[in-house]
Amino acid sequence: MALCEYQKSTLRGVYIRRRTNDILKELFRKSIHLCTALVPFMLKYLYLPTLIALGFVLVVYIVAESLRYHGINVPLISSITKAAARKRDENKFVLGPVCLAIGVLITAIFFKEDSAAIGIFALGLGDGLASLVGKLIGKSVLYKMQGKTAEGSMACFIAIYISSFLVTGNVAFALMIASLGTFIELMPLKDYDNLIIPVILASFHEFILVPFF
């Protein structure tokens with residue numbers, strides 16, 4: 001009986017440590033993700049320097065991650081990548097930051113200011129908070145959605161709605177953009193949502209909502 005209680009206690013301790021580690025990793029990973037929401041403000045006042053900086057960071061990351069993948073660690077960058085990498089990224093080239101940077105760059109270069117801001121805010125705040133809230137307080141796991149939760153999706157919707165409304169000043173536009181963004185975030189896109197979310201939402205605003213409504 002005592003041995004059984006000891007085993008339960010040990011398993012509970014292992015679970016708590018693993019859960020704590022997962023939460024800390026998600027907090028660290030999504031803190032980087034949430035910083036993306038600063039990009040529209042930087043683009044507004046320092047457009048070209050911001051694009052150059054993003055491009056430079058992208059190239060440096062690709063080189064550093066390629067070296068790490070082949071067993072050569074680059075000081076600081078490789079450590080950050082390891083700290084932020086999820087279980088599914090183990091022994092792989094971590095693609096998330098590449099998709100994130102490319103998604104932001106494409107959106108910033110090819111769309112007008114308001115449309116770009118909508119897409120980038122949706123990526124940084126909507127997608128970022130969906131994962132964070134789902135990991136921290138998510139209880140209602142959605143059926144066949146790879147562990148995504150109702151709480152995370154609600155956080156995504158609210159974040160995209162508020163940020164889109166602040167950009168457009170239009171409740172209907174914000175509701176439609178938030179609905180589309182939440183739908184995309186629910187799809188099993190893995191790291192490619194970092195690329196798809198900003199581009200699709202910026203396109204939706206610029207080529208559908210503005211011309212036809």
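Colleague: How are H8 and H9 oriented to each other, roughly parallel or roughly antiparallel?

Modeller: Bear in mind that this is a predicted model. Start with the angle, where anything over 145 degrees counts as roughly antiparallel. Helix H8 (residues 171-186) and helix H9 (residues 193-212) pack at about 150°, so they are roughly antiparallel to each other. Their axes lie 10 Å apart. The crossing of H8 and H9 is right-handed.

Colleague: Which residues of H8 and H9 make the contact?

Modeller: H8 brings residues including Phe173, Met176, Leu180 and Glu185. From H9 come Ile196, Leu201, Phe204 and His205, among others. By class, the contact of H8 with H9 has twelve nonpolar, two polar and one charged residues.

Colleague: At what angle do H3 and H5 pack?

Modeller: About 155°, with the axes 10 Å apart. That makes H3 roughly antiparallel to H5. The crossing of H3 and H5 is left-handed. Among the contact residues are Tyr47, Leu51 and Gly55 of H3, and Pro97, Ala101 and Ile109 of H5. This contact of H3 with H5 has 14 nonpolar, one polar and no charged residues.

Colleague: Now the cysteines. How many disulfides does a search of the whole structure find?

Modeller: First, the general idea: a disulfide is a covalent bond between the sulfur atoms of two cysteines. In this structure the search finds zero.

Colleague: Is Cys156 buried or exposed?

Modeller: Cys156 is buried, at 0% relative accessible area. Cys35 has 46% relative accessibility, so Cys35 counts as partly exposed.

Conventions: Residues numbered from 1 in each chain as written. Predicted model: local features only at pLDDT ≥ 70, side-chain atom pairs only at ≥ 80, totals over all residues. Heavy atoms only, no water. Disulfide = S-S within 2.5 Å. Buried < 20%, exposed > 50% of the residue type's maximum accessible area, 1.4 Å probe, protein only. Axes fitted to C-alpha atoms, helices over the stretch in contact; angles between N-to-C directions. Helix = DSSP H or I, 4+ residues; strand = E, 2+ residues; numbered from the N terminus. Parallel < 35°, antiparallel > 145°, perpendicular 65-115°, else oblique. Left-handed = near helix turned anticlockwise from the far one by under 90°. Contact = heavy atoms within 4.5 Å. Nonpolar A, V, L, I, M, F, W, Y, C, P; charged D, E, K, R; others polar.
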